[in-house]
Amino acid sequence: MRELTADDLGLLLSVFAVLLIAFGIDFHLSRRAAQRHRGRALFFGVVSVVGESMTAIALVLTWVSLWSPAAWERIDDLLVFVPGSIAVVCAMILTGEKTFGRLAAMAGRSSESRP
């Protein structure tokens, strides 16, 4: 694995910041949907919390690595890569769920409008 440069860390910092914002504003369920699909709502809620916490960890480690040369030497790249990868996978799972939910809602609406 190659060593990360300051430019790489700056890019990672912006990616993690955007992911953290996306986790913060994106995931929500209506009460009715959460009551109807309790298991699914719990699973995706846990995925959201794990993704958000992993993003926060990766963001803090990247920030510290970027601004502290002493910390840069001590923080292994894997300490940023592993939580960052988990966060990206969680974001992909939630994106897939949201896309599937929208497609299911559109299919439900189109079947209701037919005579």
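Leaving aside its neighbours within four places in sequence, with which residues is Val80 in contact? In this predicted model, Val80 touches Leu12, Phe16, Ala58, Leu61, Thr62 and Ile75, where contact means heavy atoms within 4.5 Å. The protein has 5 helices and 0 strands, and 27% of its 115 residues count as buried.

The model is predicted, and residues are numbered from 1 along each chain as its sequence is written; local features need pLDDT of at least 70, and side-chain atom pairs count only at pLDDT 80 or more, whereas totals for chains, interfaces and linings use all residues. Side-chain values use heavy atoms, with hydrogens and water left out.

**Overall architecture and confidence**

- Along the sequence the elements follow the pattern α-α-α-α-α; helices (H or I, at least four residues) and strands (E, at least two) are DSSP runs numbered from the N terminus.
- Among contacts between residues at least 6 apart in sequence, 80% join residues at least 24 apart.
- The protein averages a pLDDT of 78, and 81% of the residues score at least 70; pLDDT is the predictor's confidence in each residue, from 0 to 100.

- Val80 lies in helix α5 and is buried, with a relative accessible area of 3%; buried means under 20% relative accessible area, exposed over 50%, and partly exposed in between (1.4 Å probe, protein chains only).
- The C-alpha atoms of Val80 and Ile57 are 7.9 Å apart in space, although the two residues are 23 residues apart in sequence.
- Thr55 is located in helix α3 and counts as buried, at 0% relative accessibility.
- With neighbours within four places in sequence left aside, Thr55 is in contact with Phe16, Leu19, Leu20, Phe23 and Ala87.

- Ala56 and Pro83 are 27 residues apart along the chain, and their C-alpha atoms are separated by 8.7 Å.
- Val89 is found in helix α5 (residues 77–113) and is partly exposed, with a relative accessible area of 44%.
- Val89 and Val47 are 42 residues apart in sequence, with a C-alpha to C-alpha distance of 9.4 Å.

- Side chains of opposite charge can pair when their charged atoms come close.
- The count comes to 1 salt bridge, defined as a side-chain nitrogen of Lys or Arg within 4 Å of a carboxyl oxygen of Asp or Glu.
- Arg40 forms a salt bridge with Glu97, and their closest N and O atoms are 3.9 Å apart.
- Arg40 lies in helix α3 (residues 38–67) and Glu97 in helix α5, so the pair ties together parts that are 57 residues apart in sequence.
- Arg40 is partly exposed, with a relative accessible area of 38%, whereas Glu97 counts as buried at 16% relative accessibility.

**Aromatic pairs**

- A pair of aromatic rings is described by the distance of the centres and the angle of the planes.
- The count comes to 2 aromatic pairs; rings of Phe, Tyr and Trp (its six-membered ring) pair if their centres lie within 6.5 Å, with planes under 30 degrees apart counted as stacked, over 60 as edge-to-face and the rest as tilted.
- The rings of Phe43 and Phe44 have centres 5.0 Å apart and planes at 70°, so this pair is edge-to-face.
- Phe43 counts as partly exposed at 45% relative accessibility, whereas Phe44 is buried, with a relative accessible area of 13%.

**Surface and nonpolar patch**

- The protein exposes about 8,100 Å², of which carbon and sulfur atoms supply 67%; accessible areas come from the Shrake-Rupley method with a 1.4 Å probe, and for residues only the protein chains shown count as cover.
- Leu42, Val46, Val50, Leu78, Phe81, Val82 and Ile86 form a nonpolar patch on the surface, with about 590 Å² of accessible area together.
- Patches are made of residues with over 30% relative accessible area and no salt bridge, like charges being joined within 9 Å and nonpolar side chains (Val, Leu, Ile, Met, Phe, Trp, Tyr) within 5 Å.
- Helices α3 and α5 each supply at least two residues of the nonpolar patch, and α5 gives the most, with 4 residues.
- Val82, one of the patch residues, lies in helix α5 and counts as partly exposed at 42% relative accessibility.
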